[in-house]
Amino acid sequence: MAKIGARAPADRSGGGRPAGAPAAGLLAPRPMEGRIVPDPGRGSAWITAQIRQAIVDGAYGHGEKLPAERQLAEAFGASRTTVRIALGQLEEERLVTRRVGSGTFVNYRSRGETEDIAEVTSPIELIEVRLGVEPHMVRLAVLNSTARDIDRLQEAVERMERGSTDPESFTQLDEQFHMLIAESTHNPLMVWIYREINDVRCHAQWAAMKDKVLTSERIAEYNTQHRNLFETIRSRDVEGAVAIVTNHLHYARRQLLGAGSE
Ligand SMILES: [Zn+2]
């Protein structure tokens, strides 16, 4: 779907045009032909639907400014009050953000824009997702891991135990260990999801924090937890493994919250 009005397709390379740039198409003499059919009788719900569709279809990128109320009112053949109600609804749906004095901005990332999910996910948000995923992932690993998986997990634990207390190399080994647990589920979707989660862990927000969070004492504590987690997986202790990984993540969460408040 095109933008509201007859503008050229959005430039997707740079996250939208600069704030305040004019929505030229709306001012053109015949902007609406074949795109938006003015229909005052249908009211704000219909306008909400039209704008929502334009946003979801990517006609307006994340952070981009929507045309002004006056321009939307002209485009839809509606009053400004009706347009304001429609925008209020979109704001309730969190598809737009309205800033007094500057306008209405799109708050929606289409699929093509989500490769920067790592940019917008904080370390705490990452841990929250891991708390949702990993206990069950570990449960599946206990049930489905093969002798070969157990060997690989053992190697990974021993690498961490031998490894340095350098936060960077510990983080890499830690990622590998948890990825091996994901692979031990033998569920391809779980492996895929966990790979995405691991990608977020590589991001700068965590990179900036890990030197503060990962003291050598804490690395030693994490390695004890990894060893215990491995032993429960090896002995097929489902509940034990779930409890340990849950504690492991809560422990990490507490460290992050501590670092954030310093
Ligand atoms: Zn870990």
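Some ground rules. Residues are numbered from 1 along each chain as its sequence is written. Because the model is predicted, local features need pLDDT of at least 70, side-chain atom pairs count only at pLDDT 80 or more, and totals for chains, interfaces and linings use all residues.

The overview. The protein has 12 helices and 2 strands. Helices here are DSSP runs of H or I with at least four residues, strands are runs of E with at least two, and numbering starts from the N terminus. The order from the N terminus is α-α-α-α-β-β-α-α-α-α-α-α-α-α.

How many residues count as buried? Of 262 residues, 29% do. Buried means 20 or more other C-beta atoms within 10 Å of the residue's own; 12 or fewer is exposed, in between is partly exposed, and C-beta atoms are placed from the backbone.

Now contacts. Two residues touch if their C-beta atoms, placed from the backbone, lie within 7 Å. Among contacts between residues at least 6 apart in sequence, 72% join residues at least 24 apart.

On to the helix pairs. Two packed helices are described by the angle between their axes and the distance between the axes. Axes are lines fitted to C-alpha atoms, for helices over the stretch in contact, with angles from 0 to 180 degrees between N-to-C directions.

Pair one. Helix 7, residues 147–162, packs with helix 8 at about 170°, axes 9 Å apart. Helix 7 and helix 8 are therefore roughly antiparallel; that label takes angles over 145 degrees, while under 35 is roughly parallel, 65 to 115 roughly perpendicular and the rest oblique. On the helix 7 side, the contact includes Leu-153, Ala-156 and Val-157. Helix 8 brings residues including Leu-173, Phe-177 and Leu-180.

Pair two. Helix 8, residues 167–184, and helix 9, residues 188–201, have axes that come within 9 Å and cross at roughly 165°. That makes helix 8 roughly antiparallel to helix 9. In helix 8, Glu-175, Met-179, Ala-182 and Glu-183 take part. They meet Met-190, Val-191, Tyr-194, Asn-198 and Arg-201 in helix 9.

Last stop: Ile-197, in helix 9. Is Ile-197 buried or exposed? Ile-197 counts as buried, because it has 20 C-beta neighbours inside 10 Å. Leaving aside neighbours within four places in sequence, Ile-197 is in contact with Val-129, Arg-130 and Val-133. Ile-197 and Met-179 are 18 residues apart in sequence and 9.6 Å apart in space, C-alpha to C-alpha.
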